[in-house]
Amino acid sequence: MSEHEMSGDFLFVTDQGDLEGLAVGLADMARDLIKQDSVQATLDRVIAHAVDLVEGCEHAGVLLLHGRSKVETAAASSDLVRRSDELQGELGEGPCFDAAFQKQQTYRIADMETTVEQWPRYAPHARELGIGSMMGFLLFTDEGDLGALDLYSSEPNTFTQHSELVGWLLASHAAVAFSGARTTAQMQSAIDTRQHIGEALGIVMERYKLNEDRSFELLKKISQDRNIKLRNLAEQINTTGEVPAEP
């Protein structure tokens, strides 16, 4: 098995105490993630649990890859994580790119020193940052975007098959929680948008004595003419009380 590939089978926990401790830790994490009230809070707690639960993990982060080039750090436990993400974006190479384009669910890099040929620009900088070994787990893919949980250690050969199993279980829980948080946020955004537009419609209807349908058509026309999103236009009208166009 290549050191960059996930094994087909995991080294499962055989010690009863370790198994119970892992189960309790994952259960506590699941309950904690459900309690978070935003996507960002959920991601911040995911990386905190990763450092706590995965043996050898010193740093953790959630990286978003938009399309084939734009890298965004969604959450990070340290500047090392942010700098690693920035380097991959600047250089256009690294484990997150390979995971995205090769559609890997997980990767494990035993020793960053041995990856120079694979990532000739990223690997030397990663070692300078103090990265000895890494693991990564896919959280989601969505319309060309990828989200991944990345774990770091300063020492090579830190992460074992057992570490990979724990990380995979953690990432699986995190992916569900993250999806739920995103769905909730999207629903809340949709509700807020409807409220903003409804309030703006009321102002237009009162100002120009139009019915609801004609008022909505006016808002859409202003939005198109001014190249401004309908929600943003509605917020502007609600804030100022002024409609930025005559009917």
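**Salt bridges in a predicted model**

Glu86 and Arg83 form a salt bridge through their side chains, at 3.1 Å from N to O. Keep in mind that this is a predicted model. Both residues belong to helix 3, which covers residues 79–91, and they sit 3 residues apart, so about one helical turn separates them. Glu86 is partly exposed at 40% relative accessibility. Arg83 is partly exposed as well, with a relative accessible area of 30%. The pair is part of a network: salt bridges with shared partners join Arg83, Glu86 and Glu90.

How many salt bridges does the structure hold? The count is 11. I'll go through two others.

Next, helix 1. Arg31 pairs with Asp28, and their closest N and O atoms are 2.5 Å apart. These two residues are 3 apart within helix 1, residues 16–35, which again means a separation of about one helical turn. Arg31 has 51% relative accessibility; the cut-off for exposed is over 50%, so Arg31 counts as exposed. Asp28, at 38%, counts as partly exposed.

The last pair is Asp32 with Arg45, a salt bridge in which the closest N and O atoms lie 2.7 Å apart. Here the link runs between distant parts of the chain: Asp32 is in helix 1, Arg45 is in helix 2, residues 39–53, and 13 residues separate them. Is Asp32 buried or exposed? Its relative accessibility is 14%, and buried means under 20%, so Asp32 counts as buried. Arg45, at 30% relative accessibility, is partly exposed.

Terms used
Residues are numbered from 1 along each chain as its sequence is written. This is a predicted model: local features need pLDDT of at least 70, side-chain atom pairs count only at pLDDT 80 or more; totals for chains, interfaces and linings use all residues. Side-chain values use heavy atoms; hydrogens and water are left out. A salt bridge is a side-chain nitrogen of Lys or Arg within 4 Å of a carboxyl oxygen of Asp or Glu. Helices (H or I, at least four residues) and strands (E, at least two) are DSSP runs, numbered from the N terminus. Buried means under 20% relative accessible area, exposed over 50%, partly exposed in between (1.4 Å probe, protein chains only).
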